[in-house]
Amino acid sequence: MCGIVGYVGSKEAAPILVQGLRRLEYRGYDSAGIAVVGNDGDVHSLRRAGKLDRLAEAVEAVGPGGTCGIGHTRWATHGPPTVENAHPHLSNDGSIALVHNGIIENAGSLRTKLEQEGVTFRSDTDTEVVVHLIDRLWEEGDTLEDAVAAALDRVIGAYGIAVISSRDPGKIVVARNGSPLLLGVGKNGEVLVGSDAAAVIAHTRNVVYLDDGDYAVLTAEGYRTYHIHQGQVQRKVHEVTWDLEAIERSGFDHFMKKEIFEQPRSLEDVTRGRLLEEEGSARLGGITISDRELLEVDRIIITACGTSWHSALIGEYLLEELARIPTKVEYASEFRYKNPVVDERTLVICVSQSGETADTLAALREAKQRGARVMGIVNVVGSSIARETDFGVYLHAGPEIGVASTKAFTSQVAALALFTLYLARRRNLSILEGRRLVKALQELPGQVAEILLQDEAIEELARRYVDSPNFLYLGRGFQFPVALEGALKLKEVSYIHAEGYPAAEMKHGPIALIDEKMPVVFLAPKDPVYHKVLSNIEEVKARSGRVIAVVNDGTEELEGKVDHFIRVPETHPALLPILTVVPLQLLAYHVAVLRGCDVDQPRNLAKSVTVE
């Protein structure tokens, strides 16, 4: 959600902070700001509502100069997107500046007490409470880290913070509890802080991920890491394996389109070195659990949010169909509040692109507390979910910058298919069926490339329906989650109301919406439920609905009943969702562009939801 960047070293901080904030624009934001301890020893702050360009122009015009500073892009939780609510927030005397991701749950009571003590608040945010608390608790002889530690001892909630002060210049103090934060270890004493690696990658590939309860002191001489209960600690330095090119548009108009077109590569990367053709199985080095322990699992729960929840639904179909093990998908946001039935024979799989999704991380911890084995399927190496799960599978899809997830979704489905193959071959799946699935997985990258050749045709289709106020997406079996995902993509980037349903459920309510103005997207590949879907198409046409059908074989039975066809290659029925979702991604993208929407940064959305 919100983005944090900080720099201390020998260079001018302000340009580096703005550059880092640009790398974090994809997280979603409504205002931005920086604060620098200037060459005159004072804290200088600049804040602007709206797009980052406004802040960049102000920084270019007035500086400020100085080699130690912090910056922030805000996604509003408390208070509207105004300059007053933008970060950094300052103490009343202007000597302390603070940026914050997360939510301070006891902000109301703290604010009341501080106001009674004479503190003047200038914003509606929960964040401002923390900077005033640091100010009030800073005693003579204290360092900045002493005052920050004293304040955080009274704070309840989630936070990733970075603080600077003219009272203790040349230093940034950062702390993490429930909101991701990492250090970038540069050369010649430079140290950076960021809410993810994109903020620091222009300066260093070496990063240190902070754990919950960690805080760190950054100076031009280096950094020190501490834990609130353990004192000084050493955290491992990780190397970021991708480079700046991965977070540039590379000639595409938008990150979303670039990432749609990267899917042949990302599918190759998720399967590379993991397929065993002769054995008809998979090799997953991240699965450190023994076969005996794995076979003791008698129930699987997959928990996720948003697009990852849709991939999890496909995972449920995969695991029950091929591995024959009872599987249930839970919204991570509901999981820990419903007293779930979980024990030591339950495997809980947490699916998250960022590996930092707050609800999924909370579900993970709840499952572990109840004795379950916990597995992660994540894209970001070193993320919180990757570190806290017992074992897992990395996607290796590379950075995904577009807020609307595309390549991460197909990589998640492929990873779930790999795990299903791995598990099923140890349970009941024959070697012949295993080999068939391996072959189909190998063919996916080329098949997705083939679908992408229809980009212009799908753009033309988008022109026909760009003014439609509503869309309906229908599918059955493995295609039902694809219908949900197709509808979500359209909603996210074009702001058109769209709903996904199991095709047979159309008769139980949504059919009332269908008329000659309603586009209905059917997922209609020739799979085991194909003929049932044909009946549903007949019902829509009988009510003058406009039918767009995604198909994979001969269409003789559909001639005259379908207004538009989108064809995908044939593959194993369990892997068809990876192919059928691609044209729906393109359709959503082109509709949004034609409507003039901000495709990469849709309104009100954030890439990584790191607060409840």
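## Cysteines

Cysteine 305 is partly exposed, with a relative accessible area of 23%. The model discussed here is a predicted one, and in it the cysteine sulfur closest to that of cysteine 305 belongs to cysteine 350, at 9.9 Å. Because a disulfide requires two cysteine sulfur atoms within 2.5 Å, this separation is too far for a bond.

The count of disulfides for the structure comes to 0 by this rule. Cysteine 597, for its part, is buried, its relative accessible area being 12%, which is under the 20% limit for that class.

## Enclosed space

Rolling a probe the size of a water molecule over the atoms shows where empty space is left. In this structure there are 3 cavities of 30 Å³ or more, and the second largest cavity holds about 80 Å³ of space.

The lining of the second largest cavity is made up of Glu145, Val148, Ala149, Leu152, Tyr159, Val173, Ala175, Arg176, Gly213, Asp214, Tyr215 and Ile228. Two or more of these lining residues come from each of α5 (144–152), β8 (171–177) and β12 (214–219), and the element that gives the most is α5, with 4 residues.

## Backbone geometry

The peptide bond that leads from histidine 87 to proline 88 is cis, with omega near 0°. Proline 88 itself is placed in the loop that runs between β4 (68–74) and β5 (89–90).

Arginine 324, although it is not a glycine, has a positive phi of about 55°, and it lies in the loop between α9 (306–323) and β19 (327–331). Tyrosine 495, likewise not a glycine, has a positive phi of about 65° and is found in the loop between α16 (480–494) and β24 (497–502). As for solvent accessibility, arginine 324 is exposed, with a relative accessible area of 53%, whereas tyrosine 495 counts as partly exposed at 26% relative accessibility.

Technical notes. Residues numbered from 1 in each chain as written. Predicted model: local features only at pLDDT ≥ 70, side-chain atom pairs only at ≥ 80, totals over all residues. Heavy atoms only, no water. 1 Å grid on protein atoms, 1.4 Å probe; cavity = no way out; pocket = protein on both sides within 12 Å on 5 of 7 lines; lining within 4 Å. Points joined across faces, edges and corners; volume = space filled by probe spheres on them. Buried < 20%, exposed > 50% of the residue type's maximum accessible area, 1.4 Å probe, protein only.
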